[in-house]
Amino acid sequence: MRSLSRALEVFAELQRAERPQRLSDIARACGMSSPTTLRILRVLQDFGMVSQTDKSYRIGPAVLPAARSYLENDPLVVSARPVLQQVASQTGLTASLYTRLGFERILVARVDGEAPLRYDLPLGKRLPLTLGAAGKILLASASDEELQEVVAAAIAAGLEDSTFTAKVLRSRLPEPEADYAYSADERATGVLSVAVAVPNRAGRPSESISLTSPVEAASEATLKAGVPELRRAAARLSELLEGSVY
């Protein structure tokens, strides 16, 4: 079981990387020896999960069938598409759905608005919970202990510097009475975003829906005016998921 856990950790590290990684970089990021990391990489290569060019490693082609199956069959993604389409149509803004994975969030569905964003954010991108409205709303009701864990993970992943604390993170989160989070210039410069959590009767929310716009195409007031539409979309998606086998 431990060997499987280590292999998945190496695989996750390659997913986070913006470019191919050298063996020494992967080993250091995962806290493993180079020989152990190399053995894991070779096994992942055998299954096509990892590819190697010269002395660098990257995600391999075997992930594509898995990604296709997820996008075509997962109840969350299938249910979200028409909901996001309606939100984008009603507001003119880009609507996105994120799901929490450990101490990160992943973009699983998106419908573009009228104004194109300044950056390309592909489906499956791992993003921090500590920055951006869609991440912060998922931490709004977190305990101090959980925030400490999120902070430690963000620092370890290089997403925040060593001076980052749970107190700083708490100051970024919405007020206790607020059911939405807002961000400006946090994860990407010149981008505004607002998000609400998707209700989950089984426990704490693990998904959030956001509206995003470049700053020149909208204002804080414009984004926040879309919160009622986001609330309706989140409630609708929650209903659809409860009626599925999700």
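**A hairpin, a helix pair and some salt bridges**

Start at strand E2 (residues 50–53) and strand E3 (residues 56–59), which run antiparallel and are joined by four bridges. Keep in mind as you look around that this is a predicted model. Within this pairing, Gln-52 sits opposite Tyr-57 of E3. The two strands make a hairpin with two residues between them, and Asp-54 in that turn has a positive phi of about 55°.

Now go along the chain to the helices. Two packed helices are described by the angle between their axes and the distance between the axes. For helix H4 (residues 63–73) and helix H5 (residues 75–91), the axes come within 5 Å and cross at roughly 55°. H4 and H5 are therefore oblique to each other. Which residues make the contact? On the H4 side they are Tyr-70, Leu-71, Glu-72 and Asn-73, while H5 brings Pro-75, Leu-76, Val-77, Val-78 and Arg-81. Sorted by class, the contact of H4 with H5 has six nonpolar, one polar and two charged residues.

Arg-68 is exposed, with a relative accessible area of 57%, whereas Glu-72 is partly exposed at 46%.

The side chains of Asp-25 and Arg-28 meet in a salt bridge, 2.6 Å from N to O. Buried or exposed: what is Arg-28? Arg-28 is exposed, at a relative accessible area of 59%, and Asp-25 is partly exposed at 26%.

Arg-204 and Glu-146 meet through their side chains at 2.7 Å, N to O. Arg-204 lies in the loop between strand E8 (191–197) and strand E9 (207–214), and Glu-146 belongs to helix H7 (residues 144–156), so this pair ties together parts that are 58 residues apart in sequence. Arg-204 is partly exposed, with a relative accessible area of 36%, but Glu-146 is buried at 15%.

Finally, salt bridges that share partners link Glu-13, Arg-16, Glu-104 and Arg-126 into one network. How many salt bridges does the structure hold? The count is 14.

Key. Residues are numbered from 1 along each chain as its sequence is written. This is a predicted model: local features need pLDDT of at least 70, side-chain atom pairs count only at pLDDT 80 or more; totals for chains, interfaces and linings use all residues. Side-chain values use heavy atoms; hydrogens and water are left out. Axes are lines fitted to C-alpha atoms, for helices over the stretch in contact, and angles run from 0 to 180 degrees between N-to-C directions. Angles under 35 degrees count as roughly parallel, over 145 as roughly antiparallel, 65 to 115 as roughly perpendicular and the rest as oblique. Contact means heavy atoms within 4.5 Å. Ala, Val, Leu, Ile, Met, Phe, Trp, Tyr, Cys and Pro count as nonpolar, Asp, Glu, Lys and Arg as charged, and the others, Gly among them, as polar. Two strands pair if DSSP finds at least two bridges between them. A salt bridge is a side-chain nitrogen of Lys or Arg within 4 Å of a carboxyl oxygen of Asp or Glu. Buried means under 20% relative accessible area, exposed over 50%, partly exposed in between (1.4 Å probe, protein chains only).
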